[in-house]
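Subject: Structure handover

Hello,

Here is the structure I promised to pass on. My notes on what was found in it follow below.

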Amino acid sequence: MSDQSVAEPATATASASPLTGKAPSGRVPALWLALLAAPMAMGANAPVLILPSMARSLAVPTATATWLVTVFAWAMTIGSPLCAGMIRQRGLRPALLVSGTAVAVGTTLVTTAPWLPLALTGRAVQAIGGAGLVAVAMNLTGSTRRMGVITAGFGILGASGPLLGSVLASAVSWRLSLALSAVALLAIPAVWRHTQRTPPAVTTFDATGAGLVVALASALVLIPTAPLAAALAALVIAVPLVVHAKRNPDGFVPAVLLRSPAFIGSALLACAFSTSYFALLFSLPRLIAQRTPWSTDAIGTGQLIALLLGSALSWILSASAGRLAYRTVLTALITLGALAPLTAAFATWGPLLLLAATAAVLVSTGSNAVLSIRAAKDAPDHQRPTAIGLFVLCYQLGGALGPALAALLVLK
């Protein structure tokens, strides 16, 4: 793929790889892939409006209750490359089965746990399984347009998550709100039918590389709460990870990705956009309540409309990206990505704050569709699942950093 276009030929896809399987008719229907992946966003965002009530129920400060969000995002972060490694080693069907089981077990723990530590464990198991389902879906897309269906689904269901979570919490329990991710289980039978068994990979699993990646992601997640210690730990882990990747060029972190400006640039941008989006997602309800006379219901409804609008615009961007110059798309994304947090920091008018939310979700979900295809362009076919998994790791890292920053700066 050249710098002049973000289009990706359908033949150069992870879904056509022998390691990922393919649909009997050529492709898994995109709507099934969206249903498999997008409910994770709904479950992740469900606590946005109910953090105070969750905190009261658990008898902890609101900032402490935010760990139910941070742990989910952290587990999604480390689960993404691990599940991509499973796809590469064993194929799609085992990854689909293991991930679906994890979502079911984690959801059961979340909805029945009598105390916070067990609920946190359930959220982590649930999220690791969710990361696997997302990895399976993204490896079966094959084009920016089809990836856009998934990322628009992320935006739409993610947008509905806060209000739906609030409704379920009021009507039944906040624990049920944290079970929304399980909706993805409905798509597993359909996706299973469209995939084929694949032979195990001939290479062995790089446990050392996987362990270093998990340790690095965990250290980065802690930067908002312990900046110096976490940053030093991340640096200490990053050095041996790079050395290990060079010694094992076909390992858990393929050396070709470390030499790929397309992968590194796409991954860093995805992390930045995602961090900004999730920080605004959790901050804006409090900021609007502080700066305007709006009621909680008005804030929830307004945020839903803003996020749905941004999600629709992101789908339009993804669908038309192949006809636009890549640098044009990138410039627009960076400009909007910078304006969104600046607007949220200084605006005192409710609609303008909601406009910041619209821009943030447009940039986050739209860039995910465009950048994920570009991030894998330098990877050989057998390493595309790994490239996509590591890209998703960077995006999900923002899902952990954003709420932590919101808790540090706004949700005190």
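I start with the cysteines. The sulfur of C83 lies 16 Å from the closest cysteine sulfur, which belongs to C394, and that is too far for a bond. A disulfide is a covalent bond between the sulfur atoms of two cysteines; here it is counted as a pair of cysteine sulfur atoms within 2.5 Å. By this rule there are zero disulfides. C271 is in no disulfide either, the nearest cysteine sulfur, that of C394, being 6.2 Å away. C83 is buried, at 7% relative accessible area, and C271 is buried at 15% (buried means under 20% relative accessible area, exposed over 50%, partly exposed in between, with a 1.4 Å probe and protein chains only).

Before the rest, a word on the model. It is predicted: local features need pLDDT of at least 70 and side-chain atom pairs count only at pLDDT 80 or more, while totals for chains, interfaces and linings use all residues. Residues are numbered from 1 along each chain as its sequence is written, and side-chain values use heavy atoms, with hydrogens and water left out.

Next, the core. The largest nonpolar core has 121 residues, and L36, L68, L133, V136, W174 and F282 touch the most other members (such a core is a set of buried Ala, Val, Leu, Ile, Met, Phe, Trp, Tyr and Cys residues joined through side-chain atoms within 4.5 Å). Helix α17 gives the most to this core, with 14 residues (helices are DSSP runs of H or I, at least four residues, numbered from the N terminus). Leaving aside neighbours within four places in sequence, L68 is in contact with M54, L58, L116, A119, L120, R123, W174 and L178 (contact means heavy atoms within 4.5 Å).

V110 sits in helix α6, residues 92-112, and counts as buried at 1% relative accessibility. With neighbours within four places in sequence set aside, V110 is in contact with A119, G122, R123, Q126, R175 and L178. V110 and R175 are 65 residues apart in sequence, yet 6.6 Å apart in space, C-alpha to C-alpha.

Last, a helix pair. Helix α15 (residues 296-320) and helix α17 (residues 350-375) pack at about 35 degrees, with their axes 7 Å apart (axes are lines fitted to C-alpha atoms over the stretch in contact, and angles run from 0 to 180 degrees between N-to-C directions). Residues that meet in this pair include G302, L309 and L317 in α15 and L354, V361 and A369 in α17.

Regards

Terms used
Helix = DSSP H or I, 4+ residues; strand = E, 2+ residues; numbered from the N terminus.
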